[in-house]
Amino acid sequence: MSILPAHWTPLLSTHALGRAINHYEHTLTSTNTVLKELARQGAPHGSLCLCECQTAGRGRLDRVWASPEGQGIWMSVLLRPALRAEDAPLITFACALAMAQAIKEVTALDARIKWPNDLVLQGRKLCGILLEMGFDAQGLFVVAGTGLNIRRGAYPPELSDRATSLEEHATLPDRGEIIAAYLRALEDAVAAIEAEGFAGIAPLYRARSVTLGSRVHVSGAVDLTGTAEDINSSGALLVRTEDGTLHSVMAGDVSVRGVMGYV
């Protein structure tokens, strides 16, 4: 179960992702915070930051993300993609897809994606992703943070109705195997987006979506209830309300929940 790089880097088959590793056996505030600073110091594309415990883990919309020692995979990847800044948010979809593929490969579990980038199992949240962007002397960079619940202790007991872990559904997996599989899948997914935009991963993403076809409630910059019909080329969720109007909902501006619960 160790995430010591020496235990899993032999499994790597990537060109760049995970080839520069910053591993911290002690506690960090946040892997995203540390990696953003390393990016500004010139860290290369593909740099990885991971730790055993975070004290200030964050999710989307500034939500707190519990990151207790040894209970999950708390990591961030630095990407310097060949994308325009306005297209960089598409990487959040690549991260969700890549982690779902890695989980399937290592555990055979079919994690589904709640738009835009949460992974769920049996209606409860398994993994969260936080994308942060910036610019330095090399141009655009993206820090993609991932928190994957591995053990039952990864989340507070009071969230047991909304959160879950891999240990609750399968034989406890090796964290290093998941990291290696994720980095490989993410490298492929980012390359597909660089070449074709969202269309490069759209069929695979849609096939894993738990949101499409479901009744959802949107809150935040807008507030509406309807049926999630599709995702457009910019990654926006298309929601049709009862009056027949099709609304385009952008990630980051809103929170989407199923009408009957978290999913």
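Here are some numbered notes on the model, going region by region.

1. Ground rules before anything else. This is a predicted model, in which local features need pLDDT of at least 70 and side-chain atom pairs count only at pLDDT 80 or more, while totals for chains, interfaces and linings use all residues. Residues are numbered from 1 along each chain as its sequence is written, and side-chain values use heavy atoms, with hydrogens and water left out.

2. Start with the β1–β2 pair. Strand β1 (residues 21–28) runs parallel to strand β2 (residues 48–54), with six bridges between them. For the record, helices (H or I, at least four residues) and strands (E, at least two) are DSSP runs numbered from the N terminus, and two strands pair if DSSP finds at least two bridges between them. Threonine 27 sits opposite cysteine 53 of β2. Between β1 and β2 the chain passes through helix α2 (residues 31–40), giving a right-handed β-α-β crossover. Right-handed here means that, with the strands pointing away from the viewer, the path from the first strand over the helix to the second runs clockwise.

3. Helix α2 itself is mostly covered, with seven of its 10 residues buried (under 20% relative accessible area; exposed is over 50%, partly exposed in between, using a 1.4 Å probe and protein chains only). Those seven are Thr31, Asn32, Val34, Leu35, Lys36, Leu38 and Ala39; note the lysine in that list. They pack against β1, β2, β3, β6 (124–136) and β7 (139–149). At the start of α2, a side-chain oxygen of serine 30 comes within 3.2 Å of the backbone nitrogen of asparagine 32. Just past the other end, glycine 42 has a positive phi of about 100 degrees.

4. Serine 76, in strand β3, is worth a look. Serine 76 counts as buried because its relative accessibility is 0%. Its side chain makes a polar contact with the side chain of threonine 31 at 2.7 Å (N or O atoms within 3.5 Å, where within protein one must be able to donate a hydrogen and the other to accept it, and sequence-adjacent residues count only if both atoms are side-chain atoms). Leaving out residues up to four places away in sequence, serine 76 also has Asn32, Leu35, Cys49 and Val143 among its contacts (heavy atoms within 4.5 Å).

5. Glycine 72 is also in β3 (residues 72–79), and is buried at 0% relative accessible area. Beyond four places in sequence, glycine 72 touches Leu148, Ile150 and Arg175. Arginine 152 is 80 residues away in sequence, with a C-alpha to C-alpha distance of 9.1 Å.

6. On to the cores, meaning buried Ala, Val, Leu, Ile, Met, Phe, Trp, Tyr and Cys residues joined through side-chain atoms within 4.5 Å. The largest has 64 residues, and Leu148 and Tyr182 touch the most other members. Helix α4 (residues 175–196) is the top contributor to this core, with 12 residues. A separate core of 13 residues includes Cys49, Leu78, Phe141 and Val143.

7. Helix α3 (residues 91–107) checks out: its 17 residues should span 24 Å at 1.5 Å a residue, and the end C-alpha atoms are 24 Å apart (expected span is 1.5 Å times one less than the number of residues). Because 13 of the 17 residues are buried, α3 is largely enclosed by the rest of the structure.
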